[in-house]
Amino acid sequence: MTTPAFPEGVKRCGNGQFILWLLPAFLVLLIAVYAMFRVWFYGLNQTNMNDAYGFAIWIWADLAVIALGGGAFFSGFLAYIIGVKNVKNIINFAVVLGVVCYTSALLILGLDVGQPLRGWFIFWHANIHSMLTEVAFCLTIYLGVLIVEFIPVILENPKIQKNRFFHHMAHNMHEIMAVFAATGVFLSFFHQGSLGGVPGVLYGRPFAFREGLFIWPWTFFLFTWSAAAVGPLFTATMCRLAEFITGKRLVKDDVYRLLAKISGWMLLTYIIAKSIDTIYWATVTAPARGFTLMDFYSNNPAYYGIWILIAEILICGFLPALILITQKGRENKKLLFGAAILAIIGLCINRWVMVLQVLAAPLKPFQEEWFVYSPAWTEVITTILPVAYGIILISLAYRFLPLFPQERELNP
Amino acid sequence: MFPFLYEWSWYLGQYLFMGAAGFAISVVGAGLTYCIVMSIIHTMQEDEHADH
Amino acid sequence: MQKIPSHTKARHYGMVIDLDKCTGCATCMVACYSENNVSFRDDESVKLLSINWIQVYKLTNGKPFPDTEVCYLPQPCMQCDGKDFGHPPCVSVCPAVATDFDSPTGIVSQITTRCFGCRYCMAACPYHSRKFNWWDPVWPADMQNYLSPDVSPRMRGVIEKCTFCYHRFQQARQKAYAEGNPEDIGEDDYQTACTQACPSGAITFGDLDDPAHEVYKLKNNRYAFRLLERLGTNPSVYYLSTRKWVHRACDNYLENEEPAAFANKQA
């Protein structure tokens, strides 16, 4: 009898249907790879970035996917270190999602630098005072940790399990997973934080600059906290999406509700801290440099004005947090995932303003105009790349690996 | 990264940063090595049992 | 940050630009292009894509004729000292130590062969003094023979910026060594290209801490100010203007605040 390629006891679609499903993603991937090579070959003049927008949509995408990928570290923390058993039912999926997010982030970083072949300078000639150095070190090592966490899941494919060494390897790696998870949490704390430090330390940019604790500006802690709060919500939402696409139930509702409860309280505490930070910045930090709050939210050529702040803090911050901390909110699936999507949008808005609005706001009073930027097609398609690549990797992982321990039970 | 490079300076921050990075890499490396070694031992033990 | 060797005399080079004298002729820009092998494009109209180490901005008081006033503001790299003499906004953020604060001169360096083009320094600099090489530098064939052998041209994908013509400082130092007086670099021995080219004498350059230098006196002038000084960047470039609106146009003030030179005084 031949060993099946799929995990035991689950149903998967036929090969033809599977390939058809992946085809659009492959097409997007192909165009994105073409754009990537154009950028590497001809240089960054293939983008619409300029001297005012040294950081643009790529860096935003980077910050956003890393924050959303934070679900992997925080679920790992809950499952292996705190010992919340129920989270283990979704942890494999969180790890795959993390791998997608972090490889995408590193790829985008590799695209974004002007001299990619000198990329290793950031390690070799490391300036430890730079937040970007901290990001590069922690990000790379953490991606290593994520891959280590992913390996036992791969090894659990029935065909691979037939090999006794791989069988033992998967078992042994599961045994000491807490060690890897703890290292991952340690690294994640620092790189999520130092990504927040990237804008926070820019004392020449009053929109971004924040005071802080020792060498860390407040944004350091806010970024870590928000990633830990929203990351698991992103994992849950993507899992729900997978359920919708496959037409199967993959995890029990109490897993969603548990993640939503933890995330809800984290989000609430985060958004309170963020509000205090914003009020202090608007009334003390910025005025000391000659700016009022409305200087940063008026005459914006994108017309969103102060609404972006209201959207981030009230609509996509307090509102989802309040829904998620109430039992009624969590028990209604539509409310739960509606709130999760709002929280995800809020996180993306936060990363957006902390990258792009920082650079857009004019500083010299004789230059009243805001700096305007719209991404080139090369930037847009490479920003979509993680989605296409994610669809492919997650589909493959779902098809061949036992990502969801509860799948068999839920789909008899 | 190393003391022979221009930008190296002998002070606490440098030790802490490189120490933390080295520690994380060591933990992951040691963990992986442990898993590989134990898996080899387990596989060999199984083979011995199979021989008998 | 490099420590000052014990045998080296500490200098703090800086510039004072008299905005009431500047006519906006942009000779400083041309001189800089030729002195430092700054590359240019066919279309130089989009300043956010082209490279210039010193850029002349046009300021107006915003009033209708006949009260309109214009002021031209040449802006090189501000060579910031940063918060505590040695930590300019751009230096501490560079992940690969491709830019450094040179304590013996107070000049912020840029090592273009070390830079890998992450542009973090560009995001950190509030003055837009840092320029990125979006394209390969190309000069018309016959112009290549006129490139200065003292300054390396930069490659695509790296940041470059004004260095206060640092190669001229190196030449002055070599000359001083050759003459047996290594510490004796006089005011005239080291001057930047833009300073020498300015036809109206609006730019003065020298050691800000040396009372014998002209800049020392000028920076202590009542009407001296620095661009975006309130951000705490501590620039080494000072500007002079007796016009209050120029002061107001060069830094951010709340409605009830006045520029230092005019506080409690009628302009």
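Keep in mind that the model is predicted.

I'll start with where chain A meets chain B. On this side, 23 residues of chain A are in contact with 20 residues of chain B. Four helices of chain A, namely α5, α6, α8 and α9, each supply at least two residues to that side. The largest share comes from α8(A), with six residues. By class, the chain A side divides into 16 nonpolar residues, six polar and one charged.

Since α8(A) has come up, a word on that helix. Helix α8 of chain A covers residues 164–175, twelve residues in total. From its first C-alpha to its last it reaches 17 Å, close to the 16 Å expected. Which of its residues are buried? They are A:Phe166, A:His168, A:Met169, A:Ala170, A:Asn172 and A:Met173.

Now the side of chain A that touches chain C. Here 40 residues of chain A are in contact with 42 residues of chain C. The elements giving two or more residues to the chain A side are α5 (121–124) and α6 (131–155). The largest share, four residues, is from α6(A). By class, this side has 20 nonpolar, 15 polar and five charged residues.

Next, the core. The largest nonpolar core has 212 residues, and within this core A:Val230 and A:Ala343 touch the most other members. Leaving out residues up to four places away in sequence, A:Ala343 touches A:Val230 itself, along with A:Leu233, A:Leu267, A:Cys316 and A:Pro320.

Over to chain C, and a hairpin. Strands β4(C) and β5(C) form this hairpin, with four residues between them. In the turn, C:Gly106 has a positive phi of about 75°. The two strands, residues 99–102 and 107–110, run antiparallel and are joined by four bridges.

Which way do the residues of β4(C) point? C:Thr99 and C:Phe101 point one way, C:Asp100 and C:Asp102 the other, and all are buried. In a regular strand, side chains alternate between the two faces of the sheet.

Last, C:Glu229. This residue lies in the loop between β9 (224–225) and β10 (237–240) of chain C. Why does C:Glu229 count as buried? Because 20 other C-beta atoms lie within 10 Å, and a residue is buried at 20 or more. The C-alpha atoms of C:Glu229 and C:Met29 are separated by 24 Å, and the two residues are 200 apart along the chain.

Notes. Residues are numbered from 1 along each chain as its sequence is written. Chains are lettered from A and ligands numbered from 1 in the order in which they are written. This is a predicted model: local features need pLDDT of at least 70, side-chain atom pairs count only at pLDDT 80 or more; totals for chains, interfaces and linings use all residues. The expected span of a helix is 1.5 Å times one less than its number of residues. A residue is buried if 20 or more other C-beta atoms lie within 10 Å of its own, exposed if 12 or fewer, and partly exposed in between; C-beta atoms are placed from the backbone. Two residues are in contact if their C-beta atoms, placed from the backbone, lie within 7 Å. Ala, Val, Leu, Ile, Met, Phe, Trp, Tyr, Cys and Pro count as nonpolar, Asp, Glu, Lys and Arg as charged, and the others, Gly among them, as polar. A nonpolar core is a set of buried Ala, Val, Leu, Ile, Met, Phe, Trp, Tyr and Cys residues joined through C-beta atoms within 7 Å. Two strands pair if DSSP finds at least two bridges between them.
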